[in-house]
Amino acid sequence: MSLTDWTGAAVAPSAGDEPPAPDEWHPVDVPGRPERFADADCVAYRTEFGDPRDGDERATLELRGLFAQARIWLNGDLLGEHETYFCPARYELDLDADNELVVECRAPDEFGGVYATDRVPDERAVPGIWWGADLETHPETFVDDLSLTPRRTDEGAVVDAEIAVEAGEPLDDRISLSVRPQGFRGGGVMERAKVETDGPERTTVTKTLELRDPAYWWPAGFGPQHQYAVRAKLGNSERVVQTGLCDVSDGDDHDGLVVNGQRVPARGFSLLPTGDPTWDVERAANANANLVRAYGHVPSAEFYEAAADAGVLVWQDLPLVGPAAADPDEASALAGAVSSAVERHPCVAAFGVRADPTDHLAGVGPSRLARYKVRWRAWRASYDDAADHEIAEKFPDGTPVFPVSGEPGIDADATHVYPGWQFGTPGDTNWVLDKYDCDGAVGAFGAGSLVTDDGHDAAGFDADAHGSYVGSGGASGGASDDESPVEASQAYQARVLKSVTETLRRRRSGLLAADALRDTDDGAGMGVLSADGTEKAGYEAMASSLEPVQVVLDAYPAPGDTRTLVVVNDTPEAVSGTVSWTAGGQTGGSDVAVDALGNEEAGTLTVPGDADRVELSFGGTDGGVRNVYPL
């Protein structure tokens with residue numbers, strides 16, 4: 001059962017083994033992040049409940065999303081401490097008829113990740129029980145946990161299962177294990193594993209389950225999302241966990257990830273901590289993304305399950321953002337904990353260690369000296385990444401890892417590049433990528449935009465950058481004079497995102513993640529969706545620019561320009577069809593064939609001086625796509 005009747009209070013961190021005892025408790029929602037405690041460094045939560053057990057049953061408490069350093073007391077006795085919010089805190093309880101549970105949560109001293117930055121408002125980083133508080137009853141002997149590690153072998157594939165059993169008495173029995181395909185026809189597995197104990201104790205049983213003719217999980221557009229349900233049963237107790245088989249490695253020469261032996265161009269968005277992360281995955285997939293990056297935080301398990309169902313790859317960061325030094329031993333342990341927490345999910349394709357250790361290009365602006373300033377600042381920038389590379393070695397062998405992701409000039413493994421927001425114009429994308437040889441993985445780019453006229457103070461929004469590029473009326477972004485400030489702001493953001501995304505696709509960049517899918521705060525942000533999920537102009541623009549097969553221009557057009565049309569094909573199949581264009585009453589077109597994972601030029605167009613937009617389309621045997629450039 002879920003424990004939902006809670007009170008809470010901001011408290012000073014407890015110094016000893018006694019639970020906090022504030023003068024007043026306030027009703028709060030758990031799970032959740034009570035806004036009344038948004039400025040608190042330490043919050044205590046309290047609930048009372050009866051004994052739900054019947055006869056010889058046992059009870060366990062599971063707390064999920066304990067952010068971030070937690071201590072837990074039952075009836076005044078300290079149960080334990082917990083520090084990894086993305087791993088459940090689980091305890092067997094010795095209950096009385098009436099019970100009091102107190103949980104103290106403190107803000108992290110380190111490894112706060114994006115929660116410790118100004119990109120997340122205080123109310124999103126409240127110390128608390130974010131994801132769930134459940135009290136479970138079990139037989140005297142029960143299966144307490146089932147951990148899975150799927151892996152490819154020369155003969156096919158296996159799933160390594162680790163089963164934790166709580167024995168209430170001496171045990172000599174066998175656990176039944178099964179692996180069954182979910183939603184597709186395929187071979188299953190039935191096995192048994194011996195379990196023995198000398199008395200009441202916890203024991204762990206391991207078993208390797210071999211899959212004959214295994215079916216693999218693929219990102220959307222490259223194959224089906226096959227998954228398996230693994231069941232461990234002992235008497236009347238069982239655990240069922242879903243997993244899938246997917247092998248991901250680095251591609252050669254910056255040409256993307258290799259998934260199950262197939263090169264896959266990865267395109268999508270960074271996700272920041274917002275509301276329901278499963279909803280964010282759905283909205284990213286609807287915008288034609290096949291990649292989401294969990295920037296500087298670790299989401300709940302439901303996030304990865306949603307990504308696996310949607311066929312979306314996940315780039316998972318450690319909660320390490322900014323320049324602050326991290327204890328290397330603790331950081332290495334954290335890398336191991338994150339790996340273990342997500343290893344059963346077939347969608348997890350890459351890991352990041354540290355994001356944005358410097359901000360040396362912030363505020364360069366749109367001046368005509370922007371390129372000179374970028375070169376000067378990048379030349380002067382420095383960052384010692386030795387510790388981050390050492391931490392990266394703690395991730396599973398062969399897994400793509402980006403030890404450092406950040407701005408050009410520090411030799412980052414994945415580049416964060418913001419032409420048209422931090423510096424220059426979107427047209428500087430080719431220059432900066434060539435200058436700093438950073439085509440391979442582009443982990444962040446984009447521009448912020450307003451949702452309301454007074455949103456300039458929103459978390460995660462650079463009002464100075466916005467003022468430099470958009471101003472109060474938006475004319476510098478190419479918006480018309482009769483647009484509102486919000487419309488002009490969003491139009492500029494859409495133009496930046498479209499320009500940079502299509503430049504990266506024409507250059508065949510292996511991985512790109514726009515910053516970001518959704519705002520974290522009301523009023524403004526880097527997202528193409530507002531904090532409440534409302535679409536900005538950038539959402540539709542990105543959905544068009546991320547179409548797997550799309551016709552684009554070699555640069556964002558302006559009246560009088562002559563531009564080259566290019567068909568980009570990010571699918572594993574060759575395509576052919578007709579390219580058509582319309583601008584200012586003029587039209588044109590041509591036929592084109594494009595190899596799998598290739599690009600092909602399709603002629604040129606000259607934009608009439610009176611055109612207010614350029615419309616492109618590409619039609620093939622599987623239907624057509626459309627791409628629009630407002631002028």
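Helices (H or I, at least four residues) and strands (E, at least two) are DSSP runs, numbered from the N terminus. The structure is a predicted model, in which local features need pLDDT of at least 70 and side-chain atom pairs count only at pLDDT 80 or more, while totals for chains, interfaces and linings use all residues. Residues are numbered from 1 along each chain as its sequence is written, and side-chain values use heavy atoms, with hydrogens and water left out.

The average pLDDT (the predictor's confidence in each residue, from 0 to 100) is 94 for the protein, and 97% of the residues score at least 70. Over residues 473-479, pLDDT stays under 50. Where pLDDT is low, the predicted coordinates should not be read in detail.

Strand β23 (residues 348-355) is largely enclosed by the rest of the structure, because eight of its eight residues are buried (under 20% relative accessible area, 1.4 Å probe, protein chains only; exposed is over 50%, partly exposed in between). Pairing requires at least two DSSP bridges between two strands. Strand β22 (residues 313-317) pairs with β23 in the parallel sense over four bridges, with Trp315 opposite Ala350 in β23. Strand β24 (residues 401-406) also runs parallel to β23, joined by four bridges, and Gly352 stands opposite Phe402 in β24.

Two cis peptide bonds were examined. One joins Val30 and Pro31, with omega about 5°; Pro31 lies in the loop between β2 (26-28) and β3 (42-50). The other runs from Phe67 to Ala68, with omega near -10°, and Ala68 lies in the loop between β4 (58-67) and β5 (69-74).

Note on methods:
Contact = heavy atoms within 4.5 Å.
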